[in-house]
Amino acid sequence: MKALTLWLTGLTLLAAPVAAQTTAELHGHLTNTGSEKLLLTWWGQPLATHEQQRAVHLEPNGDFSLSVPVARPMLAQLSYGDEEIPVFLEPGDALELHGNAEDLAATGKFDSADGAAHRPAAAANNYLQELSRRFLNNDDYQVLPENIKLAEKGFLSFLDYRRSHEQDLLKQTSRRGRFTPAFEAYAEADITYTYAEDRLTYADLREQTVADQPRLDLSPGYYAFLQEPGLLPGNEEAVASAHYQDFLLDYVHYQARATGHQPSSPDYFPTCYRLGDNLLHAAARPVVLGRIVLETIRQGHVAHAQAMLTTYATTAQAPAGWVAQLRSDLADHQSFAIGSAAPPVVMRTVDGKELSLSDFRGKLVYLMFWDSRYPAGQRELPYLKELMAALAGQPIVVLMAALDESPTSWQQTVACASPALAGTQAYVLSSGSNQTLRQAYSIERLPDAVLIAEDGTLLDLHPRHLSSRALQDDLKAAVGRAAAYRAVALNQL
């Protein structure tokens, strides 16, 4: 099922105090239940990194009762075992849910507490269930995995067809039961901006997912839809929809690339922030700018993230909780981020010489962690010779750091290699299982690599593997890039 992740905000969120928190009540009866809990999950705010949740045991007869804190309209996910359905909740709602627990997505139906299915809350949630059954759970209406392979004309026909059918369902359902203004704004925006987001990201996504296909040469009028009235710079009623937020964020990225800034450029994320600051206003502005800060914390230079967060806290008019969340996220990530000092690694070569990363200061270091016992690392070794030949004369070091439990197998691999392994081969000295080092470098599987700049700071947290021919060009282009990052940090915002 396509995720329906959403955080909804009242339109006066940034201009008035938050409304007093109340609750929504969800009761009902499920058949064919087992021992699992009924779980409700939701996002408390748009910059949160973890969902909130409420769980409840069902009675032996399948009855349940769940009370949820709701300060403003929100979309949540209700799950029982592997079955899940979306639930739209507003302060004071009282809903009844009935269905088969083993097939909740197909059988779930809502009534209001007084038993009337046409009441606004029940009508909204029954619409969501029908939308999920017809479209979100149907691969024929999804971009991935098949429709992304369509050429431009076919892809646009698919988007138009899907949007038309979704709009028809919304019209039919709204005639049967009146919606609240908050839900109607969400439902209309979700259709509009699902279309806009999929159209905006089509070329990039197709290039990433369709093998052996060059990037499409789109027709001159392809992006003309961005000029449609009401789509940009922002529809304040649409800020409720996660698809609207995603669209605005990707629109900022689109504008950055259109002005010649690529994700690999040292000034990319600061450029995105400046563009977002100019393009966005009102309720959408702190949401999208905050998400750009989050992206920078996770993917950009730590100095850029720090400067952006300072600017965001003082000028974005964001709630204090959002700023606190960003500060917490920065604290969690800044020890392993572009621009942070590379965690120390103590190694020994086959001939017994001890090495540390500081020995390579002044050179770019491609550091690959591997285990000589496992095929995944062994498969990378044949590419070392070609890579080192391509980098001849460059101030670049390729350092292979083995994390074997003991040096014996590593020594045999290096000693028996024919031809002799190129690059610098070393064994990481540690006690135990190298767990501290794995945590410091966020190593989840081997082989893994990082790129370290001439000044000893991290430059790329996820460079390509040795087997990628493009790594040669990446490494040559990375020489001196740390200085460019620092220059941007001094003048970015």
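## Exercises on a predicted model

The largest pocket of this structure, which is a predicted model, has a volume of about 1,200 Å³. Let's work through it and a few other places together.

**Exercise 1.** Find out which residues and elements line the largest pocket.

*Solution.* Start with the lining, which is made up of 39 residues. Look next towards the centre of the pocket: Gln262, Pro263, Ser264, Ser265 and Gln299 lie nearest to it. Then turn to the elements. Several supply at least two lining residues each, including helix H5 (242-258), helix H7 (284-299) and strand E15 (458-460). Helix H4 gives the most, with six residues. Finally, sort the lining by type: 17 residues are nonpolar, eleven are polar and eleven are charged.

**Exercise 2.** Compare the length of helix H7 with its expected span, and decide how covered H7 is.

*Solution.* Count first: H7 has 16 residues. The expected span is 1.5 Å times one less than that number of residues, and for H7 this comes to 22 Å. In the model, H7 reaches 22 Å from its first C-alpha to its last, close to the expectation. As for cover, 14 of the 16 residues of H7 are buried, so the helix is mostly covered.

**Exercise 3.** Two residues other than glycine, glutamine 317 and serine 442, have a positive phi. Place each one and classify its accessibility.

*Solution.* Take glutamine 317, with phi near 55 degrees. Glutamine 317 sits in the loop between helix H8 (302-315) and helix H9 (320-333). Its relative accessibility is 66%, and because exposed means over 50%, glutamine 317 counts as exposed. Now take serine 442, with phi near 50 degrees. Serine 442 lies in the loop between H13 and E14. Its 42% falls between the two cut-offs of 20% and 50%, so serine 442 counts as partly exposed.

Conventions: Residues numbered from 1 in each chain as written. Predicted model: local features only at pLDDT ≥ 70, side-chain atom pairs only at ≥ 80, totals over all residues. Heavy atoms only, no water. 1 Å grid on protein atoms, 1.4 Å probe; cavity = no way out; pocket = protein on both sides within 12 Å on 5 of 7 lines; lining within 4 Å. Points joined across faces, edges and corners; volume = space filled by probe spheres on them. Helix = DSSP H or I, 4+ residues; strand = E, 2+ residues; numbered from the N terminus. Nonpolar A, V, L, I, M, F, W, Y, C, P; charged D, E, K, R; others polar. Buried < 20%, exposed > 50% of the residue type's maximum accessible area, 1.4 Å probe, protein only.
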